[in-house]
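Me: Hi! Could you walk me through a structure, starting with the backbone and then moving to pockets?

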Amino acid sequence: MTDFCIQNLSKTYATGQVALDGVSLSLPLGQHLRIIGPSGAGKSTLLRCIAGLESPEPQAVIQLGATALHALPPHQRGIGWVPQRPLLMPDRPVIEQLRWGASESRWLRRQTIVEWLDLGPLLHRRPHQLSGGEIQRIVLARLFLRECLLWLLDEPTSFLDPPRQRNFREQLHLLQAESGVTILEVTHDWNAIRSDSPVAVLLSGRLCQMGLPRDLLHHPA
Ligand code: ADP
Ligand code: ADP
């Protein structure tokens, strides 16, 4: 199989809140899917279920190529996860935060990644000495330093200023082209949408549309 696919993914929280209601989708490996929808639509829950951080209802199938992700524990899913509010290890300098989980081959190229994200002045700081945007850049560097097959990004540029957002988008695009990683990204940033990559629209826990932007957006004459 050459797709990432989800079948019949539903999640009801203990409060009775239905967060996902029978979501199914498929995406060729190596593509970058943007997920949009209003607050509360279930976007974060979708990523958390794929990462294994929430348990969906048992009939759900989550498949990455030939691998049944839903049957694996979270740490064996080969997923790079960037949560909305990232956390770093307490009390460890940035350089150690980056080393943790880095693959040997990517670690040899760390200087490029440190330059891309302008982390040089931060390498010896500790988490309490960092702003929100700086933490986000470190978490993104950590993602680039790992070998993962699937990246789940939950509003990854929400704390970055516009020039850094643009820079991140360019680097992400280059890195994806090089590594062939599959990306699911929750975003509210219209600049993140590209004409050649699909968009999924979630509303009230349901996938209501998915396709290329030109096929989804209504263009008045
Ligand atoms: P989005 O990411 O699109 O804003 P979420 O996936 O965070 O949406 O939330 C979907 C729905 O599930 C919302 O109604 C939210 O309040 C609810 N929800 C999210 N997390 C929990 C939780 N841990 N317990 C109960 N309800 C939750
Ligand atoms: P932001 O405007 O992004 O919220 P902050 O006001 O938190 O940023 O921090 C501004 C700058 O000061 C950042 O470069 C941050 O790294 C640095 N900084 C914040 N707290 C400390 C600290 N305790 N020690 C050293 N530098 C710090």
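This is a predicted model: local features need pLDDT of at least 70, side-chain atom pairs count only at pLDDT 80 or more; totals for chains, interfaces and linings use all residues.

Me: What is the phi of D91?

Reply: Phi of D91 is near 70°, a positive value in a residue other than glycine. Most residues other than glycine have a negative phi.

Me: And where does D91 sit?

Reply: D91 is in the loop between β6 (79–82) and α2 (94–99); helices (H or I, at least four residues) and strands (E, at least two) are DSSP runs, numbered from the N terminus.

Me: Is E155 buried or exposed?

Reply: E155 is buried, at 15% relative accessibility, whereas D91 is exposed at 53%. Buried means under 20% relative accessible area, exposed over 50%, partly exposed in between (1.4 Å probe, protein chains only). E155 also has a positive phi, about 50°, and lies in the loop between β7 (150–154) and α6 (162–179).

Me: New topic: how many residues line the largest pocket?

Reply: The lining has 20 residues, and I79, G80, W81, W100 and R146 lie nearest the pocket's centre. A pocket is an open set of points on a 1 Å grid over the protein atoms alone, where a 1.4 Å probe fits, with protein on both sides within 12 Å along at least five of seven lines; lining residues have an atom within 4 Å of a point.

Me: Which element gives the most to that lining?

Reply: That is β6, with four residues.

Terms used. Residues are numbered from 1 along each chain as its sequence is written. Chains are lettered from A and ligands numbered from 1 in the order in which they are written. Side-chain values use heavy atoms; hydrogens and water are left out.
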